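Subject: Structure handover and findings

Hello,

Please find the structure below. My notes on it follow.

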Amino acid sequence: MLARRWTPRLLAGLLALATPISAEVPNAADSLTILSWGGAYEQAQRRALFTPFTDAHDVPVAVDSYNGGLKELRQAVAENDVPWDVIDMTRSEAMAACEEGLLEALPSELAAPAPDGTPASQDFFSGALGRCFISHSIFATVVAYRRDAFPGERPTRIADLFDQQRFPGPRALQRTPAANLEWALLSYQVPREELYRLLSTRRGLDLAFARLQSIDNIKWWESGDTPVRLLEEGEVVMASGYNGRFFAAMVERDLPIEILWDGQLQEHETWVIPRGAPNPEAAQTFIRFATTSERQVALARHIPYGPARHSASMQVTTHRDTGLDMRLHIPTHPINAQGAVTKDEAWYARTQERVEALFHEALMTQE
Amino acid sequence: MAWYYWAVSLGGMAALVAVGFVNAVLWLNDLLLISPRGQMMAANTTLVILATLLVPTLGGLLVGQLHRGLPRGRPHTPADAIAAVQTRRGRLPAKAGALSGLSSLVSLGAGASVGQYGPLVHLGATLGSLITRLLHLGRSEDNITIACGVAAAIAAAFNAPLAGIVFAHEVVLRHYALRAFAPVAAAAIVGYVLATQLLDQGALFHITEPGVPQPWEFALFLVLGGLGALVAGAYMHAVLAMGQLAKRLPLPTSLHPALAGALLGLTALWVPDILGMGQETLRFATLPGAYGGGELLMVLLLKLAATALCLGLGFAGGVFSPALVIGTLFGALMGTLVAELGGGQETFIFYAVCGMVAVTAPVLGAPLTTLLIVFELTGSYALTTAALASVTLANPLAAQLFGRSLFDIQLARRGLDLSAGRSRAVLQETRLTDLISHDAVTLAPATPLDAAISCLSAAGHGEAYLVDDRGRYQGCVTLASLETLRAGSEATTLADCPETPRPVLDPHSSLWEAMHQLEKVTGEAIAVVDNERRFLGVAYESSIARAFLHHSDALRREEHGAG
């Protein structure tokens, strides 16, 4: 029995070792330009991915940062002047960009097998390997609150974000429909499985907008660092944001904030190669390198993002600097994931622009 | 015992069919741009408008063609399964079952306003009946395997095994025999386990931490139940009336569903909430503020009309899911009224759920099942007790005004009256044909008295039947009356005898009618004649009584026999 179970894996492992993969040999490239998200996230990537990549392949990495969105990429591809080799993109945007033809298709054997030889297709989480993308991490958009803002009672459910009677004070929310609409409907006790079906109707969207409109004093943010700053400066008492940034603020800067995991919106972060990238082969080499189990584990020692493959999830250990057990801080940890919403990226890939237009019409015109 | 294991494996098969069916409907709805999600993803307004108009119409056209292959041109429903079990006569034909299932899939996939649980119940029942035939089992086992299939289908579709078990007993078997319980329960559990492993679908409704209603609100839930019974009655009668109206349409029957589809699509352009099974509509109706009061009333009326139109004009599908939607809309309307009068907004969900139960329980004729569905899906004891308050008035009132359930009303209209219980239904469905005997003395009216007496004595019978030369039945004489006549009258032939009025039976009469006629007869047998009064034979009193005892005994064995 044992032999039968292990033989395919062994064979796959041996094959992987024996087959020369062109992508592993770096092509001569002066440098690699990567577009990522800046802040604590970029710092973590530098330490866990970019520097080790340069050390291993002798290719210096330059980093640009952005706040998501496809506008710049669309323009760059149209002008045939793409300055980036690799982009760190959310999966929904990667799906939309792929459909629009803004990305290179990736070879199916690009992702490396697990250390025990398990093929990548079985080791990565479901939906992590796309035609144009490979997911590397699972992060969450969460709500964090100031510990000192609500004496006596702490928020425990995402519905508390909208309850300004029990939890008074201004809120900071991202200037996008994603997460806000889901949370608004969750506050009506809509089950997680039905969120996107209801948000597909005008009635569902209006219900969500009404809930958001009921909040007094919203500060809308765009850059991932802003909610941390607003919480730090006491301008808001609750803010949505990326779990990694909040973690950095709590652990590295000792800010008095706490993450409310209920309703966390999980999303895949992926690597993609834009169409017309200057060094596509070096870009592929980087993606293979950065998505190995070893590098995913290394990244999770700097920033609490859940690795996108099983073999790496099993090895998540402690924070590199503080020795904190990182398993308790990653979104995919069972305790944190209890009330998690998996972002329906296929839905967003198709509806983003229309929903965004309605979102702005309903909420931004009031400002 | 072996058939117990079959019953369990049947549970598995029925659950797989149910899971496959539910997923296929969802997939079709997305693909054909019927579901809101499908429409939203399509991103093309013209395409969505065209789909809303054309998909139900073309779906109706296909359904109409499929029904041409069915006996009497109509799809089979849970009512057929109930009739088969209650009369102990029917085996459910596999071809009709499969064709009805397919046509329900097309109907639901194309967005008709019909339910999915009816087809699932019928498919489960047909599978049960098929297995019994393959195993050459008896009627009693047939009934129990049918119940097993039904229980497994409900357990799988609702993720509610207890409701599945109770539905099979409450609606299909209509008894709670221990003998049936074990296999039905086992099938339901297998169905539930398989479905939870395979069907990654959210609960029909999912409510966490509902508030606690005020004591006085229970009185309102009771009233709501009473009014819900009226809504249920309106719903049932609209479905039946539309069926009657359809018969008068100057259009071939096979085109009726297409007409219903076109009208549905046209209305859905204006009020999309009425399209399909209505899961989103149901969910919104449970959320305070999602609908205004006027909107609730309008969607309620339109959904009721759309369902009556679709079912009455021949789309295949169930009555339960639309009843759930209509009931919830009705409950939400009541909740909104109460809120406007200053009642608690926190208990809105209670009104929605009470309305749902008050309308569906009378339609199904299954108050316990409906309560259990609420309990298993919400896990809320508070909600279940509120729902209990509303069914206590809803079911008896609806039964008094309209009938036990829509299934029973449909069957009564087809000539099967289940209101007096199983034994009467069985007797009504048993035909006299098998009991006709030719072992009787028939004499011509011109036979002299003496000859008649000798003939009867020689044959060892006490009664003779007068049949003329054209074979027509003319009456009956007894040996005793002939002897009396010979002693004291001038009559010489049988034709001169005074007539003793005695009822006759039709060969197509039921055993139930024969039993009734027996009450008026003192004698050996009743003559059986055709509609031109031609003498066909006799039905002996003893054989009628034996048949009655035989059926009663079979029922008793099915309901009370051990193992």
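First, a definition for what comes next: a crossing of two helices is left-handed if the near helix is turned anticlockwise from the far one by less than a right angle, and right-handed if clockwise. Keep in mind throughout that this is a predicted model.

**Chain B overall**

Chain B has 23 helices and five strands. Its C-alpha atoms fill a box of roughly 95 × 50 × 50 Å along the principal axes. Of the 563 residues in chain B, 58% are buried. Take the contacts in chain B with a separation of 6 or more: 76% of them join residues 24 or more positions apart.

**α5 and α6 of chain B**

Helix α5(B) covers residues 94-109, and helix α6(B) covers residues 117-134. Their axes come within 9 Å and cross at roughly 160°. Angles over 145 degrees count as roughly antiparallel, so α5(B) and α6(B) are roughly antiparallel to each other. The crossing of α5(B) past α6(B) is left-handed.

Which residues of α5(B) meet α6(B)? They are B:A94, B:G97, B:G101 and B:S104. On the α6(B) side are B:P119, B:H122, B:L123, B:T126, B:L130 and B:R133. By type, the residues of this contact are four nonpolar, five polar and one charged.

An α-helix has 3.6 residues a turn, so residues three or four places apart point the same way.

**α13 and α14 of chain B**

Here is another helix pair. Helix α13(B) runs over residues 293-312 and helix α14(B) over residues 320-340. The two axes come within 9 Å, with a crossing of roughly 160°. The pair is therefore roughly antiparallel. The crossing of α13(B) and α14(B) is left-handed.

From α13(B), the contact takes in B:G293, B:L296, B:L297, B:V299, B:L300, B:K303, B:L304 and B:T307. From α14(B) come B:P322, B:V325, B:I326, B:L329, B:F330, B:A332, B:L333 and B:T336. Twelve of the contact residues of α13(B) with α14(B) are nonpolar, three are polar and one is charged.

**α4 of chain B**

Is helix α4(B) enclosed by the rest of the structure or exposed? Ten of its ten residues are buried, so α4(B) is largely enclosed by the rest of the structure. The buried set includes B:P78, B:D80, B:I82 and B:V85. Buried residues of α4(B) pack against α6, α7 (139-158), α8 (161-173), α18 (406-413) and α19 of chain B. After α4(B) comes B:R88, with a positive phi near 55°.

Now the packing with α19(B). Helix α4(B) spans residues 78-87 and helix α19(B) spans residues 422-429. They pack at an angle of about 90°, with axes 8 Å apart. α4(B) and α19(B) are therefore roughly perpendicular to each other. B:V85, B:Q86 and B:T87 of α4(B) touch B:R422, B:A425, B:V426 and B:E429 of α19(B). The residues of this contact comprise three nonpolar, two polar and two charged.

How many disulfides does a search of the whole structure find? It finds one over all chains. A disulfide is a covalent bond between the sulfur atoms of two cysteines. The pair is A:C98 and A:C132, with sulfur atoms 1.9 Å apart. The torsion about their S-S bond is about 55°, so the disulfide is right-handed. A:C98 sits in helix α4 (residues 91-100) of chain A. A:C132 sits in the loop between α5 (120-123) and β4 (133-146) of chain A. The pair therefore ties together parts that are 34 residues apart in sequence. Both cysteines, A:C98 and A:C132, are buried.

**Single residues**

- A:I138 is in strand β4 of chain A. It is buried, at 3% relative accessible area. Leaving out residues up to four places away in sequence, A:I138 touches several residues, among them A:F125, A:H268, A:Y305 and A:P331.
- B:T370 is in helix α16 (residues 367-378) of chain B. It is buried, with a relative accessible area of 3%. Beyond four places in sequence, B:T370 touches B:V357, B:T360 and B:A361.
- B:C148 counts as buried at 0% relative accessibility.
- B:C476 is also buried, with a relative accessible area of 6%.

Best wishes

Terms used
Residues numbered from 1 in each chain as written. Chains lettered and ligands numbered in written order. Predicted model: local features only at pLDDT ≥ 70, side-chain atom pairs only at ≥ 80, totals over all residues. Heavy atoms only, no water. Axes fitted to C-alpha atoms, helices over the stretch in contact; angles between N-to-C directions. Helix = DSSP H or I, 4+ residues; strand = E, 2+ residues; numbered from the N terminus. Parallel < 35°, antiparallel > 145°, perpendicular 65-115°, else oblique. Contact = heavy atoms within 4.5 Å. Nonpolar A, V, L, I, M, F, W, Y, C, P; charged D, E, K, R; others polar. Disulfide = S-S within 2.5 Å. Buried < 20%, exposed > 50% of the residue type's maximum accessible area, 1.4 Å probe, protein only.
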